[in-house]
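Hi everyone, thanks for making time. I'd like to walk you through one model today, so let me put it on the screen.

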Amino acid sequence: MASRPRVRVPKTASAGDVIDIKTLISHQMESGQRKDADGNTIPRQIINSFTCEFNGQVVFACDIQPAVSANPYMEFKAKVNESGTFKFTWVDDDGSVYETEEQIEVS
Amino acid sequence: MRTPGILAAAALALAMGATSLVFAEPADEELVIDGEIEMQTRVEAAEDHPFDEVISGWHYRTEETRALEADSFANPGMLYVEEGEEIWNTVEGSQGKSCASCHDDAAESMAGVGASYPKWNEEAGKPFNIELQINACREQNMGAEPYKFDAPQQKALTTFIKHQSLGEPVDIDLEAGEMQSWWDRGEDLYYTRTGQLDLACATCHEGYNGQYIRADHLSQGNANGFPTYRLKQANMVSLHNRFRGCIRDTRAEFPDAFSDELMALEVYVTWRGEGLSVETPAVRQ
């Protein structure tokens with residue numbers, strides 16, 4: 001059902017900069033409220049949490065609820081003081097975990 | 001004695017308020033994708049065109065929706081472009097071929113294709129759009145099953161192929177084969193009122209574009225952004241799906257996708273948007 005994540009992080013920054021991070025993942029975010037043609041409830045399957053870590057430290061995390069629309073897009077800011085790796089993690093209701101990483105060079 | 005004056009002023013204010021509620025001009029702004037690709041979204045119409053100016057549906061959308069299309073990262077339609085690229089490179093069918101086996105790099109081989117379809121197909125004796133061309137290729141060259149109408153793969157691959165013409169002006173060849181007679185038929189359909197609501201395409205998109213139909217802001221109904229990412233469906237919407245939806249909303253019986261009627265309509269409606277940049281995947285409400 002899912003999902004290739006897309007993230008956009010600047011390649012370089014100066015120490016102390018506040019950078020914009022954008023993330024998008026394709027997922028149909030089945031809310032559990034819909035019924036199929038035969039009247040049976042379509043089971044809920046959503047991405048229920050998202051985490052962004054920088055060099056092992058959480059910089060942004062949230063739980064996601066069924067009202068969030070398909071293909072959730074998230075944009076947030078982070079202050080960077082050193083070079084390192086952003087790690088992004090999405091957790092699916094079915095237990096799948098989607099991960100991706102981006103490097104940033106801080107001078 | 002002063003009361004009537006105040007009443008009249010109040011009535012005028014009400015009337016003006018109501019007018020501004022039901023009418024909204026297309027936004028006066030320029031669409032530049034990722035700050036790089038300058039799009040033609042307002043062009044002077046050809047002499048024989050019913051409008052003076054051809055305007056992309058992008059101008060009729062809200063600020064937030066317009067911003068989504070201007071940023072290829074935020075544009076959810078780009079997910080389907082990526083999916084289409086995977087399909088492009090996937091081997092299927094009895095001949096052991098993918099699209100790329102013959103067409104190689106789509107960025108080169110498919111450049112401009114999306115801007116020039118629908119195109120006359122001599123063998124079939126009718127105009128082909130991208131979807132029909134894909135299916136013909138799958139059957140004749142790949143030995144694969146043709147896609148059913150609006151199969152997710154059909155939408156993704158069509159989106160990917162049209163996206164290779166992003167920014168190119170729509171320009172179809174009406175001289176080829178019998179394209180002109182299909183255009184004529186499409187024009188007839190465009191101006192023919194149908195359904196219990198007795199509406200033609202032209203009733204809304206020519207007579208009332210810029211105004212609201214219920215909560216929806218009517219555009220000129222151009223085809224240059226299709227397949228379009230529609231926020232309402234949270235998915236790609238193909239042109240024939242949109243045609244059918246519109247006709248259904250007039251409470252008429254609606255023709256099959258890729259039927260002669262809808263292919264004629266596609267030829268005509270695409271012509272109406274000539275000069276506009278291909279926006280696939282456009283983002284709409």
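How many residues of chain B are in contact with chain A? There are 6 residues of chain B in contact with 10 residues of chain A, where contact puts the two C-beta atoms, placed from the backbone, within 7 Å. On the chain B side, 5 are nonpolar, none polar and 1 charged; nonpolar here covers Ala, Val, Leu, Ile, Met, Phe, Trp, Tyr, Cys and Pro, charged covers Asp, Glu, Lys and Arg, and the others, Gly among them, count as polar.

A word on the source: this is a predicted model, in which local features need pLDDT of at least 70 and side-chain atom pairs count only at pLDDT 80 or more, while totals for chains, interfaces and linings use all residues. Residues are numbered from 1 along each chain as its sequence is written, and chains are lettered from A and ligands numbered from 1 in the order in which they are written.

Now chain A. Strand E3 (residues 17–25) pairs antiparallel with E1 (residues 5–8) over 4 bridges, and with E6 (residues 73–80) over 8 bridges. Strands are DSSP runs of at least two residues, helices (H or I) of at least four, and pairing takes at least two DSSP bridges. Arg6(A) stands opposite Leu24(A), and Val18(A) opposite Lys79(A).

Over in chain B, Val267(B) touches residues including Pro118(B), Trp182(B) and Trp183(B), leaving out those up to four places away in sequence.

That's my tour, thanks!
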